[in-house]
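Please work through each task before reading its solution.

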Amino acid sequence: MTKPQIWVATVLVLFFALYILEISTKRTDEQEKPAATTAMGQQSSSQISADQPPEKLVASLGCTGCHGGDLTGTAMAPSLHSIKPNWSRQRLINFLRNPESYMSSSRFKELRAKYPNEIMPSFSNIDVKVLGKVADYLISLKK
Ligand code: HEC
């Protein structure tokens with residue numbers, strides 16, 4: 001081969017190598033995507049543990065995203081302060097696991113009407129111990 005031929009061959013090989021590299025990285029991107037785009041909570045449920053302080057749990061579970069950083073409510077979702085009269089620890093855990101089953105009460109019909117753009121998601125994939133800690137924390141909030 002002449003010198004120019006060697007150059008052309010080298011460049012072609014390089015392009016081919018880059019192409020292969022691109023394809024292989026794209027594949028791994030696609031494989032990782034489903035995990036990153038699953039519903040809130042699911043994605044990080046493995047890192048959420050009942051050893052963490054409740055303030056951190058409500059942030060990592062995404063509660064603060066709708067109910068506000070201090071959980072005093074936003075235009076999307078109601079305040080979670082002073083909910084004690086309406087909830088026991090056990091009912092609250094059940095609610096977090098399956099909010100749909102509470103939606104037919106008149107209080108929830110009002111809440112649904114007041115916050116029509118968001119709906120309280122289910123956290124059934126989260127460890128019950130974690131939900132118990134969150135429930136204790138919510139019951140303790142007063143404002
Ligand atoms: C996507 C927004 C959103 C997220 C995230 C969210 N909520 Fe809610 N939550 C709502 C809405 C909206 C309501 C009012 C009922 C409805 O419209 O579904 C509600 C209602 C509630 C209620 C009932 C309030 C009452 O007055 O009895 C509790 C308790 C509650 N959420 C706790 C939580 C906790 C704890 C988390 C996190 C684990 C959380 N929410 C995450 C939107 C959200």
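**Exercise 1. Determine how many helices and strands the protein has, and what share of its residues is buried.**

Step 1. The protein contains 6 helices and 0 strands, where helices (H or I, at least four residues) and strands (E, at least two) are DSSP runs numbered from the N terminus. From the N terminus on, the order is α-α-α-α-α-α.

Step 2. Of its 143 residues, 29% count as buried, that is, under 20% relative accessible area with a 1.4 Å probe and protein chains only.

Step 3. The basis of these values should be noted. The model is predicted, so local features need pLDDT of at least 70 and side-chain atom pairs pLDDT 80 or more, whereas totals for chains, interfaces and linings use all residues. Residues are numbered from 1 along each chain as its sequence is written, and side-chain values use heavy atoms, without hydrogens and water.

**Exercise 2. Identify which residues come nearest to the ligand, and which helices supply its shell.**

Step 1. The shell holds 25 residues, of which Cys63, Cys66, His67, Arg107 and Met120 come nearest; a residue belongs here if one of its heavy atoms lies within 4 Å of the ligand.

Step 2. At least two shell residues come from each of H3 (63–67), H4 (89–97), H5 (106–114) and H6 (128–140). H5 gives the largest share, 4 residues.

Step 3. By class, the shell has 20 nonpolar, 2 polar and 3 charged residues. Here Ala, Val, Leu, Ile, Met, Phe, Trp, Tyr, Cys and Pro count as nonpolar, Asp, Glu, Lys and Arg as charged, and the others, Gly among them, as polar.

**Exercise 3. Describe the lining of the largest pocket.**

Step 1. The ligand takes up the space of the largest pocket, whose volume is about 590 Å³.

Step 2. Among the 34 lining residues, His67, Pro78, Leu80, Phe95 and Met120 are closest to the pocket centre.

Step 3. H5 supplies the largest share of the lining, 5 residues. The lining divides into 25 nonpolar, 5 polar and 4 charged residues.

How values were computed: On a 1 Å grid over the protein atoms alone, a cavity is a set of points where a 1.4 Å probe fits but cannot get out, and a pocket is an open set with protein on both sides within 12 Å along at least five of seven lines; lining residues have an atom within 4 Å of a point. A molecule sits in a cavity or pocket if more than half of its atoms lie within 2 Å of its grid points. Grid points are joined across faces, edges and corners, and a volume is the space filled by probe spheres set on the points. Buried means under 20% relative accessible area, exposed over 50%, partly exposed in between (1.4 Å probe, protein chains only).
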